[in-house]
Amino acid sequence: MPRLENDLSTLGTAAQAYLGKPHVPHIDGGRHETAASYELTDPTSGQVFASVGIASANDVDAAVKSARAALGGTWGRMRPNERELALLRLADLLERNGDEISEIETVCSGRLLGHTKGVDIGYGAHVLRYMAGWATKLEGTTARLSIPYISDGELAGFTYREPIGVVGAIVPWNVALCIAIWKMAPALAAGCTVVLKPAPQTPLSALRFAELALEAGFPAGVINVVTGNGPETGIALVRHPDVNMITFTGSTAIGRQIALETAGSFKRCSLELGGKSPLILFEDSPLDRAIPAAAWAIFGNHGQNCCAGSRLYVHRSIYDQVLAGVVEIAEGIAVGSPLDPGSMMGPVVTRAQQTRIQGLIAKGQAEGARLVTGGTPIDGPGSYVPPTVLADVRPDMTPVREEIFGPVLVAASFDTEAEVIALANDSEYGLGASVWTNDLGRVHHMTRQLEAGSIWINVHNALDVAMPFGGWKNSGVGADLGETAVLAHTKVKSAVHHFP
Ligand code: ADP
């Protein structure tokens with residue numbers, strides 16, 4: 001059995017040295033002292049391990065001023081391929097410092113070391129490299145024009161893609177650095193500058209990343225990191241009049257608040273919000289892959305994924321078999337310290353989140369869901385929740401409707417395609433959905449009928465960097481990744497030339 005509490009002495013010397021420092025926002029290429037600070041606690045033990053400055057509205061203003069100045073400075077004058085090369089160097093530096101940064105991220109978040117290495121470092125570098133390529137590929141159009149009230153000479157038209165300007169990026173803790181990179185990389189490729197507000201639980205990887213960006217050749221002010229909470233630091237960034245775009249990943253409630261706050265200012269807004277993504281297993285599902293996928297779609301990263309497969313719908317003919325398979329996997333998951341290589345699942349991010357998840361499990365049981373496995377909190381100072389399955393759920397039950405953001409699967413059976421489409425779409429969310437079948441006609445029909453921004457066939461949570469990722473309904477507005485995300489950080493300018 002893995003140990004429950006982190007042993008911080010197993011960290012590499014670089015991570016230990018970094019964690020030991022007092023942390024403050026990174027503004028205009030350097031440390032920016034703040035009047036107030038808060039403490040970070042280790043989710044496996046509740047122990048304080050670092051302090052971090054809280055950026056006030058004035059500190060956020062300093063960051064935005066620096067980002068604005070950088071737009072008009074060296075960065076704004078750089079050629080596209082220089083931006084590309086800077087992003088490529090940053091990807092290399094991220095990988096070179098990957099052990100240190102993934103350890104930092106793991107201690108802050110409680111996520112498994114293998115996950116922070118694979119996702120925040122591996123996938124993060126992959127996104128930086130993909131987006132680097134876009135810097136040189138932002139093209140406009142040309143046309144011969146015909147304006148009725150200009151009758152003489154020739155008219156030529158050109159369109160340009162200009163950077164939208166200063167981008168405020170606000171991100172959550174669940175895949176903290178990777179999501180921050182999702183937000184920053186397209187902005188930087190497009191020539192924007194960034195003020196990033198990481199989640200209060202996971203600010204350190206972003207601060208370290210900003211230092212690496214300087215090393216990679218990004219001028220001071222291109223990437224600023226304002227640490228702090230939502231109601232003070234986050235809202236100051238959202239309200240700042242000189243921020244041109246807010247790109248946010250987080251809860252639907254805060255996304256709605258940001259949409260309301262920015263409505264009158266005409267800031268562009270891209271919001272990637274909550275999810276309650278269904279996995280749908282038809283009777284011809286490839287069960288050897290579908291059963292482990294169903295388990296890991298919800299237990300991977302301890303269920304703390306916006307597109308976690310949190311609702312499982314299984315054709316009645318295979319329901320018992322699938323449920324038994326998922327439960328067997330759940331019961332074989334070793335829960336423990338995310339630094340321990342033997343752990344398959346770590347704690348959830350905070351004690352508050354643990355309490356909330358336990359409350360939702362209890363509510364589901366009170367509403368009539370059948371607890372098949374898990375459910376009982378793991379004693380001790382760590383915020384552990386065991387892999388939990390609630391079966392035979394009805395659509396009106398609270399854990400079916402609410403995003404739990406923890407390792408809790410709800411499962412139900414269905415008889416017909418029409419029935420499962422109705423069940424899957426009966427949600428305020430529309431982020432992702434996966435369908436498991438070998439019937440091509442059904443694949444096409446389900447892809448058209450499901451109300452979600454990403455549809456996966458015989459796979460779940462397959463996020464390719466070239467494919468836009470964004471939610472429908474209350475799961476958001478706009479999309480991360482792909483060309484879509486790069487273009488979202490540009491504004492169009494048209495130019496007309498008259499040759500009399
Ligand atoms: P989660 O439930 O995953 O913590 P939140 O939506 O609460 O998601 O937070 C996501 C990010 O939004 C965090 O960086 C948080 O500090 C920030 N945030 C929270 N409240 C606000 C707010 N009112 N304005 C701007 N940012 C906020």
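Domain bounds here come from an automatic or database domain assignment. On that basis the protein chain divides into domain 1 (16-273 + 477-494) and domain 2 (278-470). The model is predicted: local features need pLDDT of at least 70, side-chain atom pairs count only at pLDDT 80 or more, and totals for chains, interfaces and linings use all residues. Residues are numbered from 1 along each chain as its sequence is written, and side-chain values use heavy atoms, with hydrogens and water left out.

**Domain interface**
- The C-alpha centres of domain 1 and domain 2 lie 30 Å apart.
- Contact (heavy atoms within 4.5 Å) takes 30 residues from domain 1 and 31 residues from domain 2.
- About 2,400 Å² is buried between domain 1 and domain 2, with carbon and sulfur atoms giving 64%; buried area is the accessible area (1.4 Å probe) that two parts lose on being put together, summed over both.
- On the domain 1 side, Thr44, Leu112 and Trp173 lose the most area to domain 2, together 22% of what that side buries.

**Glu272**
- UniProt lists Glu272 under "active site" in an unreviewed entry; such annotations may be inferred rather than shown by experiment, and UniProt positions are given in the numbering used here, with feature names shortened.
- Glu272 belongs to strand S11 (residues 268-272); strands (E, at least two residues) are DSSP runs, numbered from the N terminus.
- Glu272 has a relative accessible area of 3% and is therefore buried (under 20% relative accessible area, 1.4 Å probe, protein chains only).
- Leaving aside neighbours within four places in sequence, Glu272 contacts residues including Lys183, Cys306 and Asp480.

Note on methods
Helix = DSSP H or I, 4+ residues; strand = E, 2+ residues; numbered from the N terminus. Buried < 20%, exposed > 50% of the residue type's maximum accessible area, 1.4 Å probe, protein only.
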